[in-house]
Structure formats: C-alpha cells, structure tokens
Amino acid sequence: MTPIIITHWDQDKQVLHETETHLKEQGIESWSYFFGFPGRGLRSRNIEGERYYGSPEDMLGAAIGQNLTHWHLWAALKMCSEQNPKGATYWNIVEDDIRLQEGWRQIYNDVREDIPKDWDIIFFGSGYTSEQTMTHIKGQIYKGAGLCLHWYCIRHKALDTLLETNKFIRTRIDIQMLLESYKHLNCYTVLPRLADQHQTYIPA
C-alpha cells in the first residue's frame, strides 16, 4: 500500500514526522502528500434555493478547507487517471494523523481479496457506524458506511459521483458524502476498523 496523505500547508511538521515514523514502523516505506486548504479565513453564506444540512454560517473555515481539499484531490486523481489510463485504478487516502492498528496488513490483504467486485469505496478507518445500517458480507467486511475519513480506499469509477455530489458545500465533507454520495455508490466498511486518529477518540 502506498497511501496518499491528506494534509495542509500550515500543518505542524512534527505531526507529519510522527506519522511518517509510524508508517515506517508499520512497514510502509513510501507515500505521497496532497496539500490542501487550511481553511483560515474561509466563510460560507446562505444562497437562496440551495439545500443545506444545518446553517452555512456555522461552517468553520477548517471544515470548508476539508471539503475543498477532498474535492480537489478527487479532481486531481481523475485528471491523472485520464492522462494515464493504464495507471492506478484505486487509491488509499489517509489523514495526516492516522495510526494503524497492529495486524492491519493481513486484514487489509484479506479484504482486498474478498471485497465484492462492485465496490466503489472501502472504509478501513471510519467512525459512527453503529448509527448506520451495516450489512455483514464476509469476515470483517460490511456493506454500508459511517462518518470520518481517516482511511478510505477509492476506486476510479467513484470519482465522477463524488465530484458531482460534493461540488456545492452543504455541510462537513464526511456528512455530505453520507447524505449525498453514498446512496449512488457501493460502499463497504471494515469492522473493527484498521486505523484510528492520533489522540482523537472517535466512536466505532
């Protein structure tokens, strides 16, 4: 696995160093970075006729930056894959404070072998799945999705749907994906999850 680490220009270098050290300890020697928007100074406003999930005025700059970052990463992956049709067909995207669980690699390999062929997104690190409908498929694979994006694997054929359903910011990106995107995609989640966020508690 060669993950794409989502971060932003203002991120503390120590945070990135600790994550790189952790990845190396877990046997991951290479990765790439996607530097997104820190979000400072960004504001959202109400546009008449558009649908929102909550008040747009309550969206903080960092949350808007996260939406823009994920959207532009998908756009970049789409552009790269169209320029190189024989290149990668899926990508593992992780957040810059990811912490992998011990034994993750064997489970990851098993999931990649057993996942239904129709998959669009696999969530290896997510949260709040107990609040959603999850259907057991095999082993640790469940059909459905929760919230949080600390590790997800995205397939090329999902990019157009994600770009279209998230081009207008209606709420925080993981909530918007849940409400707008996943009903059009084949989403699978690995439970128990294979990754957490460093020093951040997220309910399973």
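1. Two strands count as paired if DSSP finds at least two bridges between them. In this predicted model, strand 5 and strand 9 (residues 187-190) meet that condition, with 3 bridges in the parallel sense. Within this pairing, Ile 121 of the model lies opposite Cys 187 in strand 9.

2. Strand 5 also pairs with strand 8 (residues 147-155), here in the antiparallel sense and over 5 bridges. Phe 123 faces Tyr 152 of strand 8.

3. The rest of the structure largely encloses strand 5, because 7 of its 7 residues are buried. Ser 126, which belongs to strand 5 (residues 121-127), has a relative accessible area of 2% and is therefore buried.

4. Which residues does Ser 126 contact, leaving aside its neighbours within four places in sequence? They are Leu 147, Cys 148, His 150, Thr 189 and Arg 193.

5. Cys 148, one of those contacts of Ser 126, is itself buried, at 12% relative accessibility. Cys 153 is buried as well, with a relative accessible area of 0%.

6. How many disulfides does a search of the whole structure find? The count is 0. A disulfide would need a pair of cysteine sulfur atoms within 2.5 Å. For Cys 148, the closest cysteine sulfur is that of Cys 187, at 15 Å, so the two are too far apart for a bond. For Cys 153, the closest cysteine sulfur is again in Cys 187, at 12 Å, which is also too far for a bond.

Notes. Residues are numbered from 1 along each chain as its sequence is written. This is a predicted model: local features need pLDDT of at least 70, side-chain atom pairs count only at pLDDT 80 or more; totals for chains, interfaces and linings use all residues. Side-chain values use heavy atoms; hydrogens and water are left out. Buried means under 20% relative accessible area, exposed over 50%, partly exposed in between (1.4 Å probe, protein chains only). Helices (H or I, at least four residues) and strands (E, at least two) are DSSP runs, numbered from the N terminus. Contact means heavy atoms within 4.5 Å.
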